[in-house]
Amino acid sequence: MEKAKKYLKILSCQYKTERDVITELVNTQAILNLPKGTEHFLTDIHGEYEQFNHVLKNGSGSIWQKIDEVFGLSESEETKKELATLIYYPQERLELIKNRTAGSARAGNKKLNDWYAVTLHRLVLMLRRVSSKYTRSYVRKQIPQEFSYIIEELITEKEEISDKKAYYSSIIQTIIRIGAADEFITTFCNLIQELVIYHLHIIGDIFDRGPYPHLIIDKLMAYHSVDIQWGNHDIVWMGAAAGSWACIATVLRLCAKYKNLEVLEDGYGINLTPFVTFAYKTYGNSLNNGSSADDKNLLHAAAMLQFKLEGQLILSHPEFKMQNRLFLETIDVKKGQVTIDGKTYKLNNTDFPTLDIKNPYELTDEEKEIMNRLCSSFRHCEKLQKQVRFLYEKGSIYKIYNGNLLYHGCVPLDSEGNFASMNVYGKELSGKALYDELEIWARKGFLAKPNSTEKQKGCDILWYLWTGPVSPMFGKDRMATFERMYLEEEEPKIEHKNTYYELLENSEIIKKIFHEFGIDWNSGHIINGHVPQKVKKGETPVKCGGKLLIIDGGFSAAYHAATGIAGYTLVSNSRGIRLVVHKKFENALSAITNETDIISDTITVETFSKRKYISDTEPGKELIEHVKDLEDLLAAYRDGSIIPV
């Protein structure tokens with residue numbers, strides 16, 4: 001009781017009078033009865049900035065849906081398409097339209113001004129629709145301060161004004177006359193993009209394959225409301241930023257593999273000259289087979305650094321149970337073979353100039369120097385450090401939001417369908433407890449005191465999360481990188497998926513996961529990515545009667561041929577959940593000049609039996625608690641137990 005009173009006294013510092021409490025109480029109670037905001041889910045973006053940016057701009061069709069609701073049959077498809085493109089790319093379309101209407105100065109101005117008037121009116125109607133599910137206070141906070149009064153006047157009904165049409169027309173005509181139309185149109189379009197999506201979920205794997213992960217994170221850092229569930233491709237970059245040598249070598253190899261070393265050099269300003277010089281000098285004769293030799297030399301050099309450093313970690317952490325990945329000592333250069341899992345295989349390359357069979361996981365002095373320099377570059381790269389800190393601030397291994405469980409990969413299961421266990425520094429854990437403990441150590445890897453034991457342990461966990469057999473982000477028994485690079489036989493290249501992926505349609509297993517994480521079976525869902533769904537082979541992202549959704553449809557161009565589509569996204573609004581199936585996106589230039597959008601099909605996952613309101617959401621639960629606290633404070637003011645400040 002005394003503790004509760006102490007809290008109310010603290011609350012009274014914010015709401016100093018009975019009137020303050022009443023105002024906040026009425027406002028909060030009203031907010032609870034607004035419709036739930038639209039959530040947008042994306043996963044496995046893999047550096048594909050242009051497509052990601054477009055999907056973000058069109059809200060996976062949400063903006064087109066709103067245009068259709070507002071204008072229906074009153075406007076042609078051509079007009080609606082033009083309006084949609086303008087909303088997606090306002091500045092670029094404005095330049096294009098102004099060039100088209102140049103003509104003679106007088107005729108051009110008249111035509112352009114008429115277009116301005118019609119367009120501003122249409123955008124006002126759109127803004128009214130997309131802002132209707134928010135409070136005026138919320139909308140006001142999203143409007144640039146310098147335009148707040150004018151925009152509020154335009155989008156708020158004014159019943160007391162008798163000649164409302166003339167009033168609004170006067171505002172729009174004045175905007176055009178004083179040459180401010182472009183600025184207002186751009187502001188309106190950006191506001192519509194922002195208001196049509198209340199919250200964005202990124203279900204992992206921003207990095208690798210595509211060329212622009214740094215631009216994607218820049219975009220996310222500027223986004224109004226976002227959370228991120230880390231994917232294994234994110235976690236290895238996070239480990240590299242934290243200073244893990246094994247993660248740095250892995251990032252280097254991945255960039256070399258996907259021909260994206262420019263991401264490191266141009267995107268993050270990391271100096272690769274010492275590594276490139278070393279690779280050409282040391283492996284220059286390894287793969288002399290044409291124009292791609294240089295790339296292969298870089299890949300070969302990075303891979304050998306990775307394998308040695310991984311071996312060191314595996315040897316120092318027997319609890320990781322990855323001893324089957326220790327096979328460098330079995331390489332026989334003269335015979336051209338290696339032994340893996342007790343079987344001997346022929347190597348397709350026998351040039352391993354830095355490998356000492358007596359100490360196979362020891363770096364040469366030159367390799368140590370290379371890694372020291374790279375580590376310093378990663379640790380002191382301001383942009384990378386800032387972006388990774390953002391991933392820690394907005395991210396987690398899993399998240400429960402509005403009754404749904406979000407994670408990138410899987411909940412690791414053993415062969416019998418039980419939660420797989422792992423020893424994490426003396427604690428044998430499985431299920432949710434394993435997730436929670438791994439996240440604690442993942443955060444220590446980046447945030448703990450430099451050179452501390454905790455930081456080193458955390459860095460080792462970051463590497464394990466990338467590739468470990470019980471990692472919830474990886475979900476396979478092994479990462480067969482060596483086999484894919486150096487063996488011809490297909491059998492040793494096979495990576496076996498965790499039992500989780502075999503039991504996705506088993507309702508008892510999925511119910512067990514729901515129960516483990518406290519998710520309501522009747523209303524909740526699991527939403528994850530990581531494994532591309534091959535639509536062309538009949539695979540579907542909707543599993544277990546719609547209770548589990550794997551929304552990785554191959555967003556990355558590297559997967560389009562295998563999946564047959566260009567990715568899935570998920571949209572959840574107050575009335576239901578729909579899965580959006582995207583076709584290949586040409587490019588932003590085509591979208592701007594030819595008004596081409598991403599052609600998408602929609603699958604209705606669930607239609608809610610009754611509309612969902614803010615009171616039904618995670619933020620709503622906090623507001624309900626806030627209402628109770630306010631009611632207690634109001635009662636305390638009225639009975640005199642707390643005196644207003």
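1. Basis of the model. The structure is a predicted model, in which local features need pLDDT of at least 70 and side-chain atom pairs count only at pLDDT 80 or more, while totals for chains, interfaces and linings use all residues. Residues are numbered from 1 along each chain as its sequence is written, and side-chain values use heavy atoms, with hydrogens and water left out.

2. Overall dimensions. The protein has 645 residues, for which a compact globule would have a radius of gyration near 26 Å, and the value of 28 Å for this protein agrees with that; the radius is taken over C-alpha atoms, and the globule rule is 2.2 Å times the number of residues to the power 0.38. Along the principal axes, the C-alpha trace spans about 95 × 75 × 45 Å. The secondary structure consists of 26 helices and 16 strands, where helices (H or I, at least four residues) and strands (E, at least two) are DSSP runs numbered from the N terminus.

3. The accessible surface comes to about 28,800 Å², and 50% of it belongs to carbon and sulfur atoms; the areas come from the Shrake-Rupley method with a 1.4 Å probe, and for residues only the protein chains shown count as cover. Among contacts with a separation of 6 or more, residues 24 or more positions apart account for 70%, contact being defined as heavy atoms within 4.5 Å. There are 80 positive and 86 negative side chains, and the centres of the two sets lie 2 Å apart. In that count Lys and Arg are positive and Asp and Glu negative, with His and the chain ends not counted, and each charge is placed at NZ of Lys, CZ of Arg, CG of Asp or CD of Glu.

4. An open sheet with mixed pairing has the strand order 6-3-2-1-14-15-16, two strands being paired if DSSP finds at least two bridges between them. Its edge strands are strand 6 (395-396) and strand 16 (600-607), each of which pairs on one side only. Strand 1 and strand 2 run parallel over four bridges, with Leu42 opposite Ile202. Strand 2 is in turn joined to strand 3 (residues 226-229) by three bridges, also in the parallel sense, and here Leu200 has Val226 as its bridge partner. Strand 3 pairs with strand 6 in the parallel sense over two bridges, where Gln229 stands opposite Ser396.

5. The two faces of strand 2. In a regular strand the side chains alternate between the two faces of the sheet. In strand 2 (residues 199-202), His199 and His201 point one way while Leu200 and Ile202 point the other way, and all are buried.

6. Thr38, in the loop between helix 2 (18-31) and strand 1, is buried with a relative accessible area of 9%. Beyond its neighbours within four places in sequence, the contacts of Thr38 include Lys133, Tyr198, His199 and Ser572. Asp44 lies in the loop between strand 1 (39-42) and helix 3 (49-58); although Asp44 is not a glycine, its phi is positive, near 50°, and at 2% relative accessibility Asp44 counts as buried.

7. At 63% relative accessibility, Lys321 counts as exposed.

8. Strand 7 pairs with strand 8 (residues 404-407) in the antiparallel sense over four bridges, and Leu405 in strand 8 is the bridge partner of Ile400.

9. Pro532. The loop between strand 11 (526-528) and strand 12 holds Pro532, which is buried with a relative accessible area of 12%. The C-alpha atoms of Pro532 and Ile550, 18 residues apart along the chain, are separated by 8.1 Å.

Methods: Buried means under 20% relative accessible area, exposed over 50%, partly exposed in between (1.4 Å probe, protein chains only).
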